[in-house]
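Please keep the sequence and the model at hand while reading.

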Amino acid sequence: RIDLFDEQSCAGAKFSSAILPPEMIEKIETDQVQGFLKYWKVQNDKDLKKKVAPKIYLEQGIVKAHYVVKSFRTDEEGKPVEEGLPYKLVHASESIDLWSLGVLAFTLLTGEPLIPSTRDDDCASGAAMHILHSWGTQPEVLIELSRKIADDFAFDLVWKLLQKEPEKRPRVASLLKEHPFFNPRIFHPQSMDAMLFEDVLERRSSIFENLLFYGRYKLIYGPPEHRSQTSVVFRAHDLDQQADYGVTFDKADKNEDGNLDLKELKRIASSIGLDPALLLKGSDAISKEEFVGICKRQLGDGPREVVIKLMQKKNQWDRECNARKENSLNQKYVVTAQPVIPPEDDIANAKGRGDGGLNVIVEKFLKDIKLGNYVIVMPAADRNLHEIFHQEQPNIDAV
């Protein structure tokens, strides 16, 4: 629940965090946690302290972030106490209610909560708050949620209400008057507004395309892996490649003896991106269980992690592509390029739209760097600090 006192009041005096929009969720640093807890120490309400306490977000058992709601306590006159808070308060507005309406609509249409929540409609964990805080930057989350709404008009309504940017959420009055979900007869295919009907249907597919770079790559938010005057390298997940290593093994096991020898491994080495010697480890053959286990440890159990190299100059791109084709490169030392080479025009269009969060990465990390239209996609490989220092020679302050 959110209290709306007047036009200038702040949101967050009372809340249910699972129905709050992204702008109401704050990520605080570890050294800010004690100060935040001290701010609430004057309160004697144990339930309130528990409700506002920072929630920890973990990745593989490692603390990655602390999340809180931009809430506040009031003084004796009922005014917000801002001193001691690690964030600015958010003014109550219709856009906050519009997000909550979108959450309610999603729940009514699917029978599920938008965000994992408690019976009090609070975020169930730090992971749930992470979803809200990073809303719009995790395409796989949005795609999975949208697949749960079969009706195109209903999907379009929820999508409009759950926009990350508050100013992009349409007002209720305009939705009731103009949206096809509330006016199905007006927007029937046989009506005068058939073009608008088609526009809604096409928008759904285009949304999915723009969530991913080139329709398949989920860019990992953060600084690029490498950058120079003529090229930039991004890390990403290839959502079209989620390998089933068991199936890969079975296809390579021509004699069906349940093992792969060196000759059989060499046939599939380029497709999985691992050196056969790494798989055999001095033995003559490898079992299916061992093969799957090593592949999962080395390559991950999910979408393939790749790097995308965007190059400005075609002659440099041609030279690198040809060098890979014409030379027998040892996979123990050199990662192989994937055979998928997106056309130059498609990359230019995806780059221009900022698909897959590219616009956010550019704005944050690459304001003065020009991105090229020539692309090479390779399996991701770890880099060490020694390699980065000698190849890129960064300023000591940037290391």
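How many of the 9 residues of strand β11 (residues 303–311) are buried? In β11, 7 of the 9 residues are buried, and the strand is mostly covered. Buried means under 20% relative accessible area, exposed means over 50%, and partly exposed lies in between, with a 1.4 Å probe and protein chains only. Helices (H or I, at least four residues) and strands (E, at least two) are DSSP runs numbered from the N terminus.

This is a predicted model, in which local features need pLDDT of at least 70 and side-chain atom pairs count only at pLDDT 80 or more, while totals for chains, interfaces and linings use all residues. Residues are numbered from 1 along each chain as its sequence is written, and side-chain values use heavy atoms, with hydrogens and water left out.

**Strands and sheets**

- Strands of a sheet pair through backbone hydrogen bonds, either parallel or antiparallel.
- Strand β11 pairs with strand β12 (residues 374–379) in the antiparallel sense over 6 bridges; two strands count as paired if DSSP finds at least two bridges between them.
- Within this pairing, valine 307 has methionine 378 of β12 as its bridge partner.
- An open sheet is formed by 3 strands in the order β2-β4-β3, with antiparallel pairing.
- Its edge strands are β2 and β3 (55–59), each of which pairs on one side only.
- From one strand to the next, the twist of this sheet averages 35°, where axes are lines fitted to C-alpha atoms (for helices over the stretch in contact) and angles run from 0 to 180 degrees between N-to-C directions.
- Strands β3 and β4 are joined by 5 bridges in the antiparallel sense, and lysine 55 has tyrosine 67 in β4 as its bridge partner.

**Nonpolar cores**

- The largest nonpolar core has 41 residues, and Leu114 and Trp135 have the most contacts inside it. Such a core is a set of buried Ala, Val, Leu, Ile, Met, Phe, Trp, Tyr and Cys residues joined through side-chain atoms within 4.5 Å.
- Two or more residues of this core come from each of β2 (25–28), α1 (33–40), β4 (62–69), α3, α4, α5 (139–146) and α6 (152–161).
- Helix α3 gives the largest share of this core, 5 residues.
- Leaving aside neighbours within four places in sequence, leucine 114 is in contact with Trp99, Val103, Phe106, Thr107, Trp135, Leu145 and Leu162; contact means heavy atoms within 4.5 Å.

**Salt bridges**

- Side chains of opposite charge can pair when their charged atoms come close.
- A salt bridge is a side-chain nitrogen of Lys or Arg within 4 Å of a carboxyl oxygen of Asp or Glu, and the count by this rule comes to 13.
- Glutamate 112 and lysine 148 meet in a salt bridge of 2.7 Å, N to O.
- This pair links distant parts of the chain, 36 residues apart: glutamate 112 is in the loop between α3 and α4, and lysine 148 is in the loop between α5 and α6.
- Both partners are partly exposed, glutamate 112 at 32% relative accessible area and lysine 148 at 34%.
- In another salt bridge, the closest N and O atoms of aspartate 156 and lysine 160 are 2.7 Å apart.
- Aspartate 156 and lysine 160 are separated by about one helical turn because they are 4 residues apart in helix α6.
- Aspartate 156 is buried at 2% relative accessibility, whereas lysine 160 is partly exposed at 23%.
- Glutamate 77 and lysine 79 form a salt bridge of 3.7 Å, N to O; glutamate 77 is exposed at 63% relative accessible area, and lysine 79 is partly exposed at 47%.
- A network of salt bridges links Glu225, Arg235 and Glu305.

**Loop residues**

- Glutamine 138 is in the loop between α4 and α5 and is buried, with a relative accessible area of 16%.
- Not counting residues up to four places away in sequence, glutamine 138 touches His130, Ile131 and Lys218.
- The C-alpha atoms of glutamine 138 and leucine 219 are separated by 9.0 Å, although the two residues are 81 residues apart along the chain.
- Aspartate 121 is not a glycine, yet has a positive phi of about 65°. This aspartate lies in the loop between α3 (94–110) and α4 (126–133) and is partly exposed at 38% relative accessible area.
- Glutamate 256, also not a glycine, has a positive phi of about 55°. The loop between α9 (245–252) and β9 (259–261) holds glutamate 256, which is exposed at 70% relative accessible area.
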